[in-house]
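Keep the sequence and the 3D view open as you read.

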Amino acid sequence: DHASRLLRPVSVLSHVGNRGLEVLAAVYPERSHDAVTPKGDREALGEPNAIIAHREKSGIVLSVDTPALMAEAERIDVVIEFAPQVGDFVAVDEDLFLIYGRGAIDESKLRGAVEFGSERTMEQDPTFAFRIVVDIALRALSSAINDPTTAVLAIDQLHRLLRSAGLKHLHTDELRDRNGRLRAIVRTPNWEDLVHLSFREIRRCGSDNLQVVRRLRAMFDNLLRTLPAHRLPAIALELTLLDREIEQKFPYPEDRALARLGDPQGL
């Protein structure tokens, strides 16, 4: 009985949501403080002076040791860009590192700073928690299953994750040394990435269901009240798209009026 309860969708969703919050706290430890992300130096670097390709078997990037990249970049006075992003699949001979500047690169040390695996994990990949929850919602909304209540439970967890991310400082991809010099570039998801992942697919698949659209609207209403002003345009756009979907999917004015009322429980 205990094992079967652990396998229920609500238990899985709760576990993934809790783990996702931990990963967000680890990847983005600072609270939001920049309304506008400062423009970086990436474009001023020009073409790389050297490219280090992936030589071992193909796999998915699970994590990258950014302190090791920073240390190597400082040692030889270059800028190191990690070409893929955590969660990307990298095939043999694909670009792994781009080097800006000249110096004796220790390729084995750089390659050793990257951990590969056969499937994504949440170790340094906050979007994977969102992806798992969204996939559960999409399965629940499929015509074969038709379980909007489980989709609403998934939206509950997306609400938690997105509100936490919106209060974080989603730092730029550029890492600098103590003197403020650019040393490494490691791409991480930005706010728009997380918003699109949280809403677009669920809205497209569930916009004809009253439970889903009312739970989404309650989520929008809460985020618009509680997040900093610089996070709101992306949320407002998603709300506009939801209203457009409602106009198309609900021909009766009574249903449209009900669909435009937020409800944390759906119905």
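A residue is called buried when its relative accessible area is under 20%, exposed when it is over 50%, and partly exposed in between, using a 1.4 Å probe and protein chains only. Val 79, with a relative accessible area of 9%, therefore counts as buried.

Before going further, a word on what you are looking at. This is a predicted model, in which local features need pLDDT of at least 70 and side-chain atom pairs count only at pLDDT 80 or more, while totals for chains, interfaces and linings use all residues. Residues are numbered from 1 along each chain as its sequence is written, and side-chain values use heavy atoms, leaving out hydrogens and water.

Back to Val 79, then. This residue lies in strand β3, which covers residues 79-82; strands here are DSSP runs of E with at least two residues, helices are runs of H or I with at least four, and both are numbered from the N terminus. Which residues does Val 79 touch, not counting those up to four places away in sequence? They are Leu 45, Leu 98, Ile 99, Tyr 100, Leu 182, Arg 183, Ala 184 and Ile 185, where contact means heavy atoms within 4.5 Å. Arg 139, by comparison, is 60 residues from Val 79 in sequence and 43 Å from it in space, C-alpha to C-alpha.

Now step back to the whole protein. Its secondary structure comes to 10 helices and 8 strands, and the C-alpha trace spans about 70 × 45 × 30 Å along its principal axes. Of the 267 residues, 45% are buried. Among contacts with a separation of 6 or more, 77% join residues 24 or more positions apart.

Next, look at how some of the helices pack. Helix α5 (residues 126-141) and helix α6 (residues 148-166) meet at an angle of about 160°, with their axes 8 Å apart. The axes are lines fitted to C-alpha atoms over the stretch in contact, and angles run from 0 to 180 degrees between N-to-C directions. By class, the contact of α5 with α6 has 14 nonpolar, 2 polar and no charged residues. Here Ala, Val, Leu, Ile, Met, Phe, Trp, Tyr, Cys and Pro count as nonpolar, Asp, Glu, Lys and Arg as charged, and the others, Gly among them, as polar.

In the loop between α5 and α6 you will find Asn 146. Is Asn 146 buried or exposed? At 56% relative accessibility, Asn 146 counts as exposed. Its phi is near 55°, a positive value in a residue other than glycine. Most residues other than glycine have a negative phi. Asp 93, in the loop between β4 (89-90) and β5 (95-100), also has a positive phi, near 80°.
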